[in-house]
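Open the model in your viewer and keep the selection panel at hand.

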Amino acid sequence: MKKYIFILLATATLGLTSCSPFNVRSDYADTANFTSYKTYKLRIDDLKLNDIDKDRVLNELSRQLQSKGLQSGENPDLIINVKANHKKITDITNNSPYGMYGWGGPFGWGVGMSRTWTSNYNEGAIIVDFVDARTNKLVWQGIGSGISVDSPKAKQRQIPEIMAEIMKNYPPQKK
């Protein structure tokens with residue numbers, strides 16, 4: 001019985017952890033030798049965030065880079081350019097709970113109702129570019145979107161999560 005409970009819990013955990021609220025993707029140059037990159041320098045010219053969110057992004061990115069064996073340096077192998085943006089999203093939901101009823105239906109003759117709801121919110125994205133410092137060519141890019149920009153509590157939790165999700169794809173697993 002314990003074995004079945006363990007299997008059920010493991011399956012539920014796997015199902016929940018694989019459902020990320022973020023849309024994360026990455027791309028890389030086939031010619032890049034990712035094992036040769038040991039040092040990096042952050043470039044944040046395009047990181048247009050408030051100071052609190054900027055610290056969240058940079059702290060988690062630095063933590064992730066160090067966990068991958070990369071160290072910050074003045075003569076780096078990689079220049080890491082971090083950008084952020086957001087866009088306004090409008091969700092439109094149309095619901096028709098009642099249809100047309102004809103004679104002989106359970107309620108006689110009638111006309112259905114249709115309801116439409118709209119909601120507006122801002123969704124943020126973070127883009128991380130790894131540029132080979134020697135050749136000045138982009139060798140890896142990670143993009144994550146789906147941050148709830150309008151909620152400070154959500155950003156506090158989501159920014160470190162999305163940075164970790166983005167960095168899961170580095171270094172790329174070449175096929």
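In the residue classes used here, Ala, Val, Leu, Ile, Met, Phe, Trp, Tyr, Cys and Pro count as nonpolar, Asp, Glu, Lys and Arg as charged, and the others, Gly among them, as polar. This is a predicted model, where local features need pLDDT of at least 70 and side-chain atom pairs count only at pLDDT 80 or more, while totals for chains, interfaces and linings use all residues. Residues are numbered from 1 along each chain as its sequence is written, and side-chain values use heavy atoms, without hydrogens and water.

Select Leu49, Asp53, Asn85, His86 and Val149: of the 14 residues lining the largest pocket, these are the closest to its centre. A pocket is an open set of points on a 1 Å grid over the protein atoms alone, where a 1.4 Å probe fits, with protein on both sides within 12 Å along at least five of seven lines; lining residues have an atom within 4 Å of a point. The lining comprises seven nonpolar, four polar and three charged residues.

Next, select Leu78, Ile80, Ile126, Val128, Phe130 and Tyr170, which touch the most other members of the 27-residue largest nonpolar core. Such a core is a set of buried (under 20% relative accessible area, 1.4 Å probe, protein chains only) Ala, Val, Leu, Ile, Met, Phe, Trp, Tyr and Cys residues joined through side-chain atoms within 4.5 Å.

Centre on isoleucine 80. Beyond its neighbours within four places in sequence, its contacts (heavy atoms within 4.5 Å) include Tyr40, Leu61 and Phe130.

Finally, pick lysine 48, which counts as exposed because its relative accessibility is 63%, exposed being over 50%. Its C-alpha atom is separated by 9.5 Å from that of valine 82, 34 residues apart along the chain.
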